[in-house]
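Notebook open, chain by chain. I want to go through the strands, then a couple of helices, then the overall layout.

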Amino acid sequence: MSKIKPEQDSSLSSTAGQEKIVQAAQPDAGLMRTPPKENTSPFHGLWALTNRDLRKWYTNPIQLFVSLIQPVVWLGLFGKALNFTTFISSSGIPPAQQNAILLSYFGTTSYFSFLSCGMLSFIVLFTSAFSGMSVVFDRRFGFLNKALSTPVARGTIVMAKILQSVGRSLVQAGIVLIIAVVLGMDTSHFTAQGIFGAFVVVFLMGMGLSALFTMLALRSADWQTQMAIINLLNLPLLFASNALFPLKIMPTWLQDVVRVNPVSYANDATRQLLIGATGWGSLWVDFAVLIAFAAILSAVGIILSWRFLSK
Amino acid sequence: MSATQTGTPSFSAIVKVEKLSKTFGNLKAVDNISFEIQEGEIFGLLGPNGAGKTTTINMLTTLLKPTDGNADVCGYNIFKQANEVRRNVGVVPQEYTADEDMTGINNIILCADLYGIPKSDSKPHAQELLKLVELQDAAKKKVGTYSGGMRRRLELACGLINYPRLLFLDEPTLGLDVQTRTAVWQYIKTLKEQYHMTLLMTTHYLEEADLLCDRVAIIDHGHIIKIGSPQALKESIGGDVVEIEVKEPNPDLSTDISRIALVKNVQKNNNTYLIKAEQGEEATAQIIDIIRSEGLHVTRVSLRKPTLDEVYLELTGRTLREEEVDKLSMFRQRATIRRARAGT
């Protein structure tokens, strides 16, 4: 059964520390070799951990497909059924006035394009929400403990969770954008810089949101609680933002909430960048808020990981 | 970095634990334990569920911060030099932690990446370790297709990737079939005998501790009750029991028999002598000589050696344990047993 022949070691005594030490080196398992110089940079292992999670997703097309169903349903059914552009154009108001109304509310005349940008943040939000779930499963099945028993930086473990989620968000947002264009999103304002800028927005928002959901999962080994947290935060973050509806039609108290929700800034920025919408503020403000959101939450996530990843 | 490879004999303590304690809320999981492990020995922690074995391992591998006390592992302090400790020890957890979507070899390389070992070393080394645990044929198969025994062996290989001086094994044979268990025992012996690695293992199985460990500590309710070699522990509960039946009930030879140095205690019931002795085999031979020299006839002999089970039950009691153990650790243990039994 075992091919390794134990050396019949008659002198092997069973008392502590008395066994004989000098024996012929057995190089077959390499354990007697001088170990290599290890990479002690604080970032070592980051790509290995990130790729471990990403691989689960890109080698499993079903997961990718399922994650795209929701935005497609929203775009194809919700966006087509509740289309403010059609709603207003069927009202009998003269076309010039129709455009003025649409512009003043949506910053663009195409509600579908407005919603398409909102769907980018939707997919980022829903992808990020599940970033915590993989922490829970890693804890539950012991992988987290195994990683913690290695010299990999605690912050790296958290950053890998954030980055894998950002990676998924970028790809999925790209696919959602293509679907939106196919379904009729206005592309007349598309520029290379605009599209690049939109993906920077997706990156920043994905980073901030997945840092948030990852840190909420740091101590948890219980996926039911994690699902509850996701449900608790996801829809409020979506509806208390300008993803689906413009700020202007909301009651003032809700407007105040929307204004502190970082998701709104992402929507505002992508609308300015992709469909040339007039935003609620300067693009720079949007980017400043998003950069601060991503940087602060990632930093907090890393700091909390030092304290809470192990007990 | 690692000093194992120097080849010079060293009997220094590789693990020094001083008054280590861990409290979870009101529960003292580990209560003021102290022990030392010598370089090159296999040290076993024995104890019932919830006794504090895994908590102790988790503290020594820097996964848990002790509430009180201190410990040095491989010459590094677990509080102040946690990263150095991590670099020098290998950990084989109780659970099956390998990623099912990855191949066996990629799992080992992932572990190597976490240690910062360059690919130029980790790739060939992973192959060598797979060979050690006889998984080279399955190296490129996804772990999801592995049987429980194969997964356990893979975990062992992962734990060895960083050339550890000290290997922690938490319940290495939990739920395994007899073949895999014997194979794992063999690997453990190989690590000690050929590579002079120090091993700290926990186990439920006393035969395993008896077979492998140089010394064991019996731990219960967070305390170390007894520490010593399996042999010494067995002798501590009174040694071997020799039962000898003779044809003639008289004369009574009890006093003659008790004069033998190895004999501790003699009882006589009709034709039968019940004798407690050290080194039962030799004692028996001497007893038979005495009986025969008196012209009597021996009709039946039996020799019973105490098992570690008896020591264990004597020290930890026979009552069944129905203590609350934390939910997560029980989940993991059940998952481990389930997976160990899965597959072929």
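Predicted model: local features only at pLDDT ≥ 70, side-chain atom pairs only at ≥ 80, totals over all residues.

I looked up the pairing of β3(B) first: β3(B) and strand β8 (residues 198–203) of chain B run parallel and share five bridges. My strands are DSSP runs of E, at least two residues long, and helices are runs of H or I of at least four, numbered from the N terminus. I call two strands paired if DSSP finds at least two bridges between them. Within that pair, B:L46 sits opposite B:T203 of β8(B).

Residues are numbered from 1 along each chain as its sequence is written, and chains are lettered from A and ligands numbered from 1 in the order in which they are written.

Next I checked the other neighbour of interest. β3(B) is also joined by four bridges to strand β9 (residues 215–220) of chain B, again parallel. There, B:G44 has B:V216 as its bridge partner.

Is β3(B) buried or exposed? Five of the five residues of β3 (residues 42–46) are buried, so the strand is largely enclosed by the rest of the structure. For the record, buried means 20 or more other C-beta atoms within 10 Å of the residue's own, exposed means 12 or fewer, and partly exposed is in between, with C-beta atoms placed from the backbone.

**β7(B)**

I moved on to strand β7 (residues 166–170) of chain B, which is mostly covered, with five of its five residues buried. B:L166, B:F168 and B:D170 point one way and B:L167 and B:L169 the other. Strand β6 (residues 89–92) of chain B pairs with β7(B) in the parallel sense over four bridges, and B:G90 stands opposite B:L167. β7(B) also runs parallel to β8(B), with five bridges joining them; B:L169 faces B:M201 there.

**The antiparallel sheet**

I also found an open sheet of four strands in chain B, ordered β2-β1-β4-β5 with antiparallel pairing. Its edges are β2 (27–38) and β5 (76–77), each pairing on one side only. β4 (residues 68–73) and β5(B) share two bridges, and B:V73 is opposite B:Y76.

**Two helices**

What is the end-to-end distance of α3 (residues 104–115) of chain B? Its end C-alpha atoms are 17 Å apart, which agrees with the 16 Å that twelve residues should span at 1.5 Å a residue (the expected span is 1.5 Å times one less than the number of residues). Twelve of the twelve residues of α3(B) are buried, so this helix is largely enclosed by the rest of the structure. I listed what its buried residues pack against: α1 (46–58) and α7 (143–148) of chain A, plus α2 (82–88), α4 (119–132) and α5 (148–159) of chain B. After α3(B) comes B:G116, with a positive phi near 75 degrees.

α12 (residues 327–341) of chain B looks like another story on burial. B:R332, B:T336 and B:A340 are buried in α12(B). Down the helix axis, the buried residues fall within an arc of 65 degrees, so they line one face of α12(B); the arc is that of the directions from the helix axis to the C-beta atoms. The face turned away from the buried side carries exposed B:K327, B:R334 and B:R338. The buried residues pack against α5 of chain B.

**Overall layout**

Last entry, chain B as a whole: I count twelve helices and 14 strands, and 49% of its 344 residues are buried. Its C-alpha atoms fill a box of roughly 80 × 45 × 45 Å along the principal axes. Among contacts (C-beta atoms, placed from the backbone, within 7 Å) between residues at least 6 apart in sequence, 71% join residues at least 24 apart.

Key
Contact = placed C-beta atoms within 7 Å.
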